[in-house]
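Me: Could you take a close look at one part of this model for me, the place where the two chains meet? I'd like one connected walk through it.

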Number of protein chains: 2
Amino acid sequence: MCLTNGGVAMKYVHSCMIRGDGGRTLRAILDQICNKWTLLVVATLDGGTLRFKELHQRIPGISQRMLTLTLRHLERDGLVSRTVHAEVPPRVEYELTATGRSLLEPALALAGWAIEHVPQIEASREAYKKA
Amino acid sequence: MCLTNGGVAMKYVHSCMIRGDGGRTLRAILDQICNKWTLLVVATLDGGTLRFKELHQRIPGISQRMLTLTLRHLERDGLVSRTVHAEVPPRVEYELTATGRSLLEPALALAGWAIEHVPQIEASREAYKKA
DNA sequence: CCGAATCCTAAAAGATACTG
DNA sequence: CAGTATCTTTTAGGATTCGG
């Protein structure tokens with residue numbers, strides 16, 4: 001299967017996305033990845049294992065609730081592993097799984113595109129407002 | 001700037017995302033791209049110009065309202081051009097701009113990743129439910 | 001320290017009806 | 001044909017409190 005040619009492959013993506021159930025599942029997964037915090041949590045876990053509190057500190061603005069929810073979803077989807085150490089006080093460590101790490105490259109590509117195009121998009125928004 | 005090495009570059013992305021304003025703008029753009037319909041509209045416009053009605057037909061399930069909103073946002077951000085032909089009945093054509101086309105590749109990479117991992121993620125979800 | 005439970009608001013999205 | 005307007009439902013996310 002060729003996934004390198006935009007012209008052809010995007011049609012394949014399109015066909016996958018509009019199929020009744022596959023579409024719903026695929027969109028659910030894409031939504032999951034692209035929500036407010038997921039990409040940031042994955043990016044933060046790149047490079048090694050972190051505890052809950054460390055994650056909380058490194059992601060300014062995230063609430064405990066959203067960090068917990070995001071981690072649970074990532075764990076459920078098999079992208080992050082969660083290890084509880086039976087100590088007092090408790091220590092819980094999070095780490096990307098192989099699947100989670102495999103997400104880094106495409107996620108990076110998209111984030112990179114967004115970073116590159118921020119000025120251009122902002123300019124376009126300004127121009128649009130005036131018109 | 002190196003954007004090809006996940007280990008290093010993801011930290012760059014992370015640093016971009018947590019910066020006060022740049023972070024907000026960047027996340028707003030990512031949110032925009034990854035919302036329920038944007039990727040699908042962009043994928044559908046790959047390959048050529050389409051009228052409003054054609055888009056509506058090729059994207060099952062989208063409401064007129066959401067198609068309009070999505071197209072307005074894409075137009076505002078400079079990813080899609082909108083051409084009104086002064087005829088009766090009216091004819092409005094939408095087309096990807098150069099910037100819009102440049103989004104195809106990274107968007108494709110992410111969608112491709114999601115498509116590839118659907119079975120694995122679903123299996124992980126099943127296992128998670130039971131446990 | 002880690003996180004579950006609850007309550008609340010704002011935004012997104014859907015349904016429906018109408019118009020130049 | 002290509003929208004706009006309005007209404008309702010649904011969801012995401014934040015604040016706070018409590019528990020193991």
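Reply: Across the interface of chain A and chain B there are 15 residue pairs in polar contact, both residues at pLDDT 80 or more. Polar contact here is a pair of N or O atoms within 3.5 Å; within protein, one must be able to donate a hydrogen and the other to accept it, and residues adjacent in sequence count only if both atoms are side-chain atoms. On chain A, helix H1 (6–18), helix H2 (20–33), helix H3 (38–45), helix H5 (64–76) and helix H6 (98–130) each supply at least two residues of the side that touches chain B. Helices are DSSP runs (H or I, at least four residues), strands likewise (E, at least two), numbered from the N terminus. H6(A) gives the largest share of that side, 22 residues. Sorted by type, the side of chain A that touches chain B has 33 nonpolar, eleven polar and 13 charged residues.

A quick word on ground rules. This is a predicted model, so local features need pLDDT of at least 70 and side-chain atom pairs 80 or more, while totals for chains, interfaces and linings use all residues. Residues are numbered from 1 along each chain as its sequence is written, chains are lettered from A and ligands numbered from 1 in the order written, and side-chain values use heavy atoms, with hydrogens and water left out.

Back to the contact (heavy atoms within 4.5 Å): chain A puts in 57 residues and chain B 58. The area buried between them is about 5,700 Å², with carbon and sulfur atoms giving 73%; that is the accessible area (1.4 Å probe) the two parts lose on being put together, summed over both. The interface also has two salt bridges, meaning a side-chain nitrogen of Lys or Arg within 4 Å of a carboxyl oxygen of Asp or Glu. In one salt bridge, Arg125(A) meets Asp77(B), with the closest N and O atoms 2.6 Å apart.

As for symmetry, a 180 degrees rotation with 0.0 Å of shift along its axis superposes chain A on chain B, RMSD 0.1 Å, fitted by least squares on the C-alpha atoms of residues with pLDDT of at least 70 in both. The copies are thus related as by a two-fold rotation axis. Both use the same surface: 100% of the contact residues of chain A recur in chain B. Within chain A, the residue closest to the rotation axis is Cys34(A), its C-alpha at 2.8 Å.

Terms used: Nonpolar A, V, L, I, M, F, W, Y, C, P; charged D, E, K, R; others polar.
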